[in-house]
Amino acid sequence: MSFTRSLMGHARHLRGWRTPERIVVFSVDDYGAVRVANRRARDHLEKNIQGYSGRMDYFDTLETREDLEALYDVLGSVKDSRGRHAVFTAYSLSANPDFQVMRDEKRYAYEDVKASFARLALEEPSAYEGAWQLMQEGMAAGLMKPQFHGREHISVPLIEHLLDIQHPALMENLKVSSMAGLPSVPEFADIGFSHSFGLHDESLLPIHRAILSDGIRLFGKVYGYLSRTFTPPAGQLHPALDQHVFEQGIEILDQSFFFKRPVGDGRRTLSVNFLTSPSLNSAGTLVRTVSFEPTAGTVADPVGHVLKQIELAFLWNQPAIISSHRVNFAGYIDEANRAEGLKSLRELLKAITTRWPNVQFKSADEIFPDVATLKISSGAINH
């Protein structure tokens, strides 16, 4: 590791909430999202969209029954100091595009995530029959804890624009019920199609507020409880929306240590975050200080890389909050991709429990006391 990278690693922990407990959190993005429908869809899009590339657009699908079964087997292979299995904080979507309506009526509409699973269980039963029920079983067993990741994993204003102009790449996606490989367009400069809250003009802020409110409401309906935490897709969220999501019931924002947030007109503001607990008046902040992307091919030894980052977090008496993505554990298009990701995850979990036998596996929403508890302890609520 270079001196600069080592210095940056320490800098993430210079400030913020501390604990003597050895806590490990897996924050894993993109659950519930329909990206590529299947291998046939991927092959169609690769053939018909120029410049189609990237591992998300090659391997990422809505989690299948086999994806979940294999993941649960690995998460359940270890126990922490309290006898608890490892758990994924599955940052999940509330909805996906309704491809049928978009094809037939040439307007944007969405279906909730439960409907997406039901539709695919009929269209592709070998992969999806029973998948939604298995997700519920994983939640009940404490292996999965969905938290809010947005309503959809797309920029709705951008998709509406592409639909209005019948953009060829979008039309090819609609043919195969997918949302992948879409290019940028000048009218929505600096916004990637998967950036739900990417911003090129502050006139989009009321739209973003409405989508967030609807998405948080829908999350509660789909998953059966309100999400405490929220991480926006690609980390894109205008600072003015932080208080809005807090007012909608989100108590903790899960963010990167260092990134630039869009503020409109192509401008971005630098955001540097440290671990802070929620207060009565504002959301707390979780900061992902560990990266685990075993199928990305960017690190020669992904497990060793993560262990060094965990050790650094524990040195500073902070939780190790591990950032990852569903694509690492997706095998519907390529089983070898899932096998590689899960092999690394199994090795990592074994190494964590061996090196730190007093470790505690927690979901992201479990680190801080909830705001209701804070209100009671502060005397803001009298019984």
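D29 counts as buried, at 8% relative accessibility; buried means under 20% relative accessible area, exposed over 50%, and partly exposed in between (1.4 Å probe, protein chains only). The model is predicted, so local features need pLDDT of at least 70 and side-chain atom pairs count only at pLDDT 80 or more, while totals for chains, interfaces and linings use all residues. Residues are numbered from 1 along each chain as its sequence is written, and side-chain values use heavy atoms, with hydrogens and water left out.

D29 is placed in strand β1 (residues 23–31). Helices (H or I, at least four residues) and strands (E, at least two) are DSSP runs, numbered from the N terminus. Apart from neighbours within four places in sequence, the contacts of D29 are Y91, H149, T231, R288, S324, H325 and R326, a contact being heavy atoms within 4.5 Å.

**Strand β12 and its partners**

β1 and β12 run parallel and are joined by six bridges; two strands pair if DSSP finds at least two bridges between them. S323 in β12 is the bridge partner of S27. S323 also stands opposite S291, and β11 (residues 290–291) pairs with β12 in the parallel sense over two bridges.

Strand β12 covers residues 320–325, and six of its six residues are buried. In a regular strand the side chains alternate between the two faces of the sheet.

β11, helix α13 (residues 302–315) and β12 form a right-handed β-α-β unit. A crossover is right-handed if, with the strands pointing away from the viewer, the path from the first strand over the helix to the second runs clockwise.

**The chain as a whole**

The protein chain has 15 helices and 13 strands. Its radius of gyration is 20 Å, close to the 21 Å that the globule rule gives for 383 residues, so the chain is as compact as a globular protein of that length. The radius is taken over C-alpha atoms, and the rule is 2.2 Å times the number of residues to the power 0.38. The C-alpha trace spans about 55 × 50 × 45 Å along its principal axes. Of the 383 residues, 58% are buried. Among contacts between residues at least 6 apart in sequence, 76% join residues at least 24 apart.

**Salt bridges**

Side chains of opposite charge can pair when their charged atoms come close. With a salt bridge taken as a side-chain nitrogen of Lys or Arg within 4 Å of a carboxyl oxygen of Asp or Glu, the count comes to 24. Three of the pairs are tabulated.

| Salt bridge | Closest N and O atoms |
|---|---|
| E63 and R326 | 2.8 Å |
| R107 and E105 | 2.6 Å |
| E152 and R151 | 3.0 Å |

E63 lies in the loop between α3 (55–59) and α4 (65–75) and R326 in the loop between β12 and α14 (335–355), so the pair ties together parts that are 263 residues apart in sequence. E63 is buried at 2% relative accessibility, and R326 is buried with a relative accessible area of 2%. R326 is also one of the contacts of D29.

By contrast, R107 is partly exposed at 41% relative accessibility and E105 is partly exposed at 45%. E152 and R151 are both buried. Salt bridges that share partners join R151, E152, D214 and R217 into one network.
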